[in-house]
Amino acid sequence: MTQLNTQSLAIAAQRGAAVPAYDRQSLTPSVVHIGLGAFHRAHQAMVFDALLSRGDRRWGVLGVAMRSTQLADALQTQHGLYAVQIASVKGIHWQIPGAIVDTCVLARENATVIQAIAAPSTRWITLTVTEKGYTPELAKLIVQGLTLRHRQGLSGLTIASCDNLSHNGKRLQAACVTAAQAVSAELATWVDQVCVFPNSMVDRIVPAATPERLQAARDSLGVDDAAALGTEGFWEWVIEDRFVDPSDGPALASAGVTVVRDVAPFEEAKLRMLNGSHSAMASMGAVAGLKVICDCISQPEIKTYVRDMMTDEVAPHLSRSDWAEYREALLQRFANPELKHSVHQIAMDSSQKIPQRWPPTVGLQMKKGASYEHIAFAAAAWMRYLQGRNEAGASYALSDPMAEQLQPLAIAHANDPAACVKAISAFESVWGKDLPTNAAWQARVTHWLTQINALGVLRAVASLNQAHAVSK
Ligand code: CS2
């Protein structure tokens, strides 16, 4: 079958895919995107595609993969094109965005990335490097490019972190200023004051591509696409109104981005409601042997649990006042049967995700003297998940930078919940400063881990739901 590329694009268009109508040949990159995963391609790259479609040619992307050469090279052969299958309540449709005009691999083409950051035509850097990606090496790389810009008297850049971290822009700014200080105080001031690092909240459920999705692209579009993906209809990008070029705010807004003074209310709601529920379902589902999120949420006991957790533990602390609608929309999004969002994909790197998803809610409930049983249950399910074996005895690999520390503890204490909880609760990097020494928290996590061991995760969660209904 013909490979998707500029020449074969017409075949996909004939089969109904929405394709770029703008001239891509003469498009040069203005955005350096670091972290060429599925998320960027189905989120920011599609916003940039919308802007390009409106005739604003300042949003072509150089997509930088971190290490893996496969995707970057496949996209290169496909002239940056890939198909996105969008599944919403309105049905399924395909779109081929055209914003990515070039790709490279950081581990292989470090100098290319630095030169691209320093190119006069570059205006933005966007990043999706995951929670664990915010390392001094990353900041050093960005600063190498910024050093050249500074030296050449070029403009500063808008540098937008698009990862699920609270205050993502601020964090990146601090890391880059520190890296710049190692070069010179003058550069550090320039990075701090001439470049801007807007905080942002990004949202769209984009599962990792599967062979089935690639096959669906072949079947539907009549072309071979090694980089096809699937996502939902919903997307949201809320970004702080701070840009080097102030005209970027209205431009992004015209493409559906929410440009605001303060991202915090959106960010905390999203991290604690959506991502917090995701992480809870991921551990529970993996332990129970459920494969994907829609299978989890279609278990009545898990649905009740997730709904109650959002309503009674998370929402009371949100400044987003439309949380009830937000919750209902989330429950529907989780149930989207087309997404097939793997529980193991979400459980990956949990040690880096939990800090912004669960402990803030627990701390706030404690302050109020209110219950945090649902989050304690989620914590217990994660500790059980860390054993690397589900309830039917099937083993799975853990993918987490702390796996080597955590898994041996979970296995050694598999039959002693109290010891397991004590050992795994001790990590401040996961739970924050207070929970590792909080006896009440550990007692509740121990209780639920004991229940999970005795009853299995689904019956244990049903017992939590029952107790919760009685207590209301
Ligand atoms: C998920 C997120 O993998 C995960 O940890 O919770 O990728 C989630 O799908 C996105 O943040 C949705 O916007």
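Mentor: A residue is called buried if its relative accessible area is under 20%, exposed if over 50%, and partly exposed in between, using a 1.4 Å probe and protein chains only. The model is predicted, and residues are numbered from 1 along each chain as its sequence is written. Local features need pLDDT of at least 70 and side-chain atom pairs pLDDT 80 or more, totals for chains, interfaces and linings use all residues, and side-chain values use heavy atoms, without hydrogens and water.

Trainee: How do you know which strands pair with β10?

Mentor: Two strands pair if DSSP finds at least two bridges between them. Strand β8 (residues 200-203) has 4 bridges to β10, in the antiparallel sense, and there S200 stands opposite I239. Strand β11 (residues 258-260) has 3 bridges to β10, in the parallel sense. In β11, V260 is the bridge partner of E240, and T258 is that of V238. Both counts therefore meet the requirement of at least two bridges.

Trainee: Why is the pairing in this sheet called mixed?

Mentor: The 3 strands form an open sheet in the order β8-β10-β11. β8 pairs with β10 in the antiparallel sense, whereas β11 pairs with β10 in the parallel sense. In general, strands of a sheet pair through backbone hydrogen bonds, either parallel or antiparallel.

Trainee: How do you know that there are 0 disulfides?

Mentor: A disulfide is a pair of cysteine sulfur atoms within 2.5 Å, and a search of the whole structure finds 0 of them. The closest cysteine sulfur to that of C104 belongs to C176 and is 18 Å away, which is too far for a bond. C294 is in no disulfide either, since the nearest cysteine sulfur, in C296, is 8.4 Å away.

Trainee: Why are C104 and C294 called buried?

Mentor: The relative accessible area of C104 is 2%, and that of C294 is 15%. Both values are under 20%, so both residues are buried.

Trainee: How do you know whether A329 is buried, partly exposed or exposed?

Mentor: A329 has its place in helix α14 (residues 323-334). Its relative accessible area is 35%, which lies between 20% and 50%, so A329 is partly exposed.

Trainee: What makes a set of residues a nonpolar core?

Mentor: Its members are buried Ala, Val, Leu, Ile, Met, Phe, Trp, Tyr and Cys residues joined through side-chain atoms within 4.5 Å. The largest core here has 67 residues, of which Y305, F377, W382, W431 and W441 touch the most other members. Helix α18 (residues 373-385) gives the largest share of this core, 10 residues. Another core, of 37 residues, lies apart from it and includes A42, I100, W124 and V206.
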